[in-house]
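Reader: Please present the structure, and then take me through its fold, its strand pairing and its aromatic contacts.

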Amino acid sequence: MSNLLPKAQAFALRGAPPFHLQLRVGLAVLSLFLLLACIPAALAHEFKVGDLEIEHPWSRATPPGAKVAGGYFTVINKGSAPDRLLSISSDISDKAELHQMGVKDGVMTMRPVEGGLEIPAGGKVALTPGAYHLMFTGLKRQPKQGEKFPATLTFEKAGSVKVEFAVEGMGETGSGDMGDMDHAE
C-alpha cells in the first residue's frame, strides 16, 4: 500500500494529459467503435417478403466449364401460417430448381422437389450443402468468389422477392463443389 502513495502523488503532480491528446484519443476510440458497429450491418445479407425472412443467400465459385452451381440460404417464417417456396429464377442460368439430397440404401441421391418446399408457421428451413438446396443449371457465366448475382424467389403466399447470392470460395462451408455432379430428372 505504501508503494501506491508515491505513484498516485507523481500522477497528480504531472496533471492530466493535454486536452488535444484527450480529444484525439477520444475520437480514435469513437471511430473504432463506429467501425466495429458497422461490421454486422455490412455482413448482414437478409431479405424480407411478407412474414418471411431470407438469410444470407450464397453460392460457391465454380471452376471453368462447370454447368451447374448450388444455392443456399435459410428462410424464417415469422407468420402464423405456413408458406411454400414455389420457384426460383436467375439470369445466371437457364434454369433454377429446388433439389433435395439424401441417402437411400447407401447411395446418395439428388432429386428435384416437386410441389415446392413448405416453410412452417413460426419455423425455418435451411437450404444447405447435402440437404435441400437450389441448383442453377445451364450456367451462362461462372460465379466468381467475391461477386453477387441476383435471383428471384417466389413463395405461394408472400409473393416474389429479389435476392442477391454472395459467391464464396469453391471449398468454403462444407462439402466441395457440385459443378460436375449428374442430377436425375
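Author: From the N terminus on, the elements of the protein chain run α-α-β-β-β-β-β-β-β-β-β-β-β. Helices (H or I, at least four residues) and strands (E, at least two) are DSSP runs, numbered from the N terminus. The model is predicted, so local features need pLDDT of at least 70 and side-chain atom pairs count only at pLDDT 80 or more, while totals for chains, interfaces and linings use all residues. Residues are numbered from 1 along each chain as its sequence is written, and side-chain values use heavy atoms, with hydrogens and water left out.

Reader: How many helices and strands has the protein chain?

Author: The order of elements opens with α-α and continues with β. The count for the protein chain is two helices and 11 strands.

Reader: What percentage of the 185 residues in the protein chain is buried?

Author: Buried means under 20% relative accessible area, exposed over 50%, and partly exposed in between (1.4 Å probe, protein chains only). By that rule, the buried share of the 185 residues is 36%.

Reader: Among contacts between residues at least 6 apart in sequence, what percentage joins residues at least 24 apart?

Author: Contact means heavy atoms within 4.5 Å. In the protein chain, among contacts between residues at least 6 apart in sequence, the share that joins residues at least 24 apart is 69%.

Reader: Is I119 buried or exposed?

Author: I119 is located in strand β7 (residues 117-119). Leaving aside neighbours within four places in sequence, I119 is in contact with residues including L52, V75, P82 and F155. N77 is also a contact of I119; the two are 42 residues apart in sequence and 6.4 Å apart in space, C-alpha to C-alpha. Because its relative accessibility is 0%, I119 counts as buried.

Reader: With which side chain does the side chain of E97 make a polar contact?

Author: E97 belongs to strand β5 (residues 93-104) and is buried, at a relative accessible area of 15%. A polar contact is a pair of N or O atoms within 3.5 Å; within protein, one must be able to donate a hydrogen and the other to accept it, and residues adjacent in sequence count only if both atoms are side-chain atoms. At 3.3 Å, the partner of the E97 side chain is the side chain of K95.

Reader: Why is strand β9 described as largely enclosed by the rest of the structure?

Author: Strand β9 covers residues 132-139. The description holds because, of its eight residues, the number buried is six.

Reader: How many bridges join β5 to β9?

Author: Two strands pair if DSSP finds at least two bridges between them. Strand β3 (residues 68-77) pairs with β9 in the antiparallel sense over four bridges, and G71 has L134 as its bridge partner in β9. S93 stands opposite L139 in β9. Strands β5 and β9 run antiparallel, and the bridges that join them number seven.

Reader: Which residues do ring pairs link into a cluster?

Author: Rings of Phe, Tyr and Trp (its six-membered ring) pair if their centres lie within 6.5 Å; planes under 30 degrees apart count as stacked, over 60 as edge-to-face and the rest as tilted. The count comes to five aromatic pairs, among them the edge-to-face pair of F73 and F165, at 6.1 Å centre to centre and 70° between the planes. F149 and F165 have ring centres 5.3 Å apart and planes at 10°, so this pair is stacked. The cluster linked by ring pairs consists of F73, F136, F149 and F165.
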